[in-house]
Amino acid sequence: MKRTVFRPILGFLSACILLCALALAFSPAASAEGKERELIPGGMAFGVKYYAKGAIIIGTCDVETASGLVSPARDAGLAAGDIVTAAGGKEIGSLEELLELVRGCGGKKIEIQYQRDNQTQNTFVTPAMDKGVNEYRMGVWVRDSTAGIGTITFIDGGSRRFGGLGHGINDSATGLLMPFGRGSITDVKITGVVRGRKSMPGELKGEFGASDMGKLFSNTEVGVFGTYDTLPAELPDPVPVAPASALHTGKAVLRTSAGGSLQEYAIEIEEIYRDSGKTKNFLVRVTDERLLSLTGGIVQGMSGSPILQDGKLVGAVTHVLVNDPSRGYGICIDNMLEEMQKAG
């Protein structure tokens, strides 16, 4: 056989080997050395204090002036879901900054820069004097912060980085992902549970700790990510991370502190959706009578509870089915790790 036949074949094989090695090296389920990655599984409830970048318009309204009702924001084309990022040539970092600028405008027109559908747009608003409070108003309801309870999914012991929730922090009024400004986390003491029932999702009740435990650096559609200042005490041992391809239907366990202490509960992975995108990758059913008795299944605040199968971290709970709280969706751990890597 001629040598010229072998050269392209050997070159092709070399390229395949190189690509496989690169895929392994950059796989979220693999370490930098190509070894199986290990992470500390979470399950601990945590409190989130979140501040958006800019001011989110959650609705427009009328301003009662001496000459009648007007709506400056609506007239300028602003609407619910718009995020004000600058006003009067100044960057807006909070709700209070926007309110102060409007109060001091003297009735003059203000240029507003805002985000809509991930595109930057500009408009001009002329605030009106509200005769009831004797202040200039734009005629908007705005929000720049929120707080709530979720669950830690995993911790990287070496970097102290963590991921949680398995979905993003969205504005409750508009349903849109809140742009990241800054945020912190604290521990939470679970004080009670509102059991989930058909068409009535339950929730965890808890009290925030007195001091912050760490800071967030990203809010994405697949979860929030941050860094602990100091790792929590008495953490479990790390476990291997399983790629999405290893996920299969059958028995698994869910870790949660819904009962006040961290426990593992039996669940069943019923369906896997291979082409479902970044979220809602599989369907789970709670089978453990202890958890069903305690919560009715999956409740708000359990989002991010890690799921282990065959001793490996495979994903996290993200959403409950409103008509059946014993069932909910899970996200593959690959998707959370990939997003955390992109965030820095």
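Because Asp156 belongs to strand E11 whereas Arg37 sits in the loop between helix H1 (3-26) and strand E1 (38-41), the pair ties together parts of the chain that are 119 residues apart in sequence.

The confidence of the prediction should be kept in view when such contacts are read. For the protein, the mean pLDDT is 89, and 90% of the residues reach 70 or more. Over residues 1-27, however, the pLDDT is below 50, and this stretch has 4 contacts in the model beyond near neighbours in sequence.

A search of the whole structure finds 18 salt bridges, and two further pairs can be described alongside the one above. In one of them, Glu270 is joined to Arg285, with the closest N and O atoms 2.6 Å apart; this pair links distant parts of the chain, since Glu270 lies in strand E18 (residues 263-272) and Arg285 in strand E19 (residues 282-286), 15 residues apart. Glu270 has a relative accessible area of 26% and is therefore partly exposed, and Arg285, at 28% relative accessibility, likewise counts as partly exposed. In the other pair, Glu96 forms a salt bridge with Arg103, where the closest N and O atoms are 3.3 Å apart. Glu96 is partly exposed, with a relative accessible area of 38%, and Arg103 falls in that class as well, at 36% relative accessibility. Salt bridges that share partners extend beyond this pair, joining Glu96, Arg103, Asp130, Glu135 and Arg137 into one network.

The backbone also deserves attention at two positions. Most residues other than glycine have a negative phi, yet Arg160, which is not a glycine, has a positive phi of about 65°. Arg160 lies in the loop between strand E11 (140-156) and strand E12 (161-164), and its relative accessible area of 34% makes the residue partly exposed. A positive phi, near 55°, is also found at Glu234, again a residue other than glycine. Glu234 is placed in the loop between strand E15 (223-228) and strand E16 (239-240). With a relative accessibility of 80%, Glu234 counts as exposed, because the cut-off for that class is over 50%.

How values were computed: Residues are numbered from 1 along each chain as its sequence is written. This is a predicted model: local features need pLDDT of at least 70, side-chain atom pairs count only at pLDDT 80 or more; totals for chains, interfaces and linings use all residues. Side-chain values use heavy atoms; hydrogens and water are left out. pLDDT is the predictor's confidence in each residue, from 0 to 100. Contact means heavy atoms within 4.5 Å. Helices (H or I, at least four residues) and strands (E, at least two) are DSSP runs, numbered from the N terminus. Buried means under 20% relative accessible area, exposed over 50%, partly exposed in between (1.4 Å probe, protein chains only). A salt bridge is a side-chain nitrogen of Lys or Arg within 4 Å of a carboxyl oxygen of Asp or Glu.
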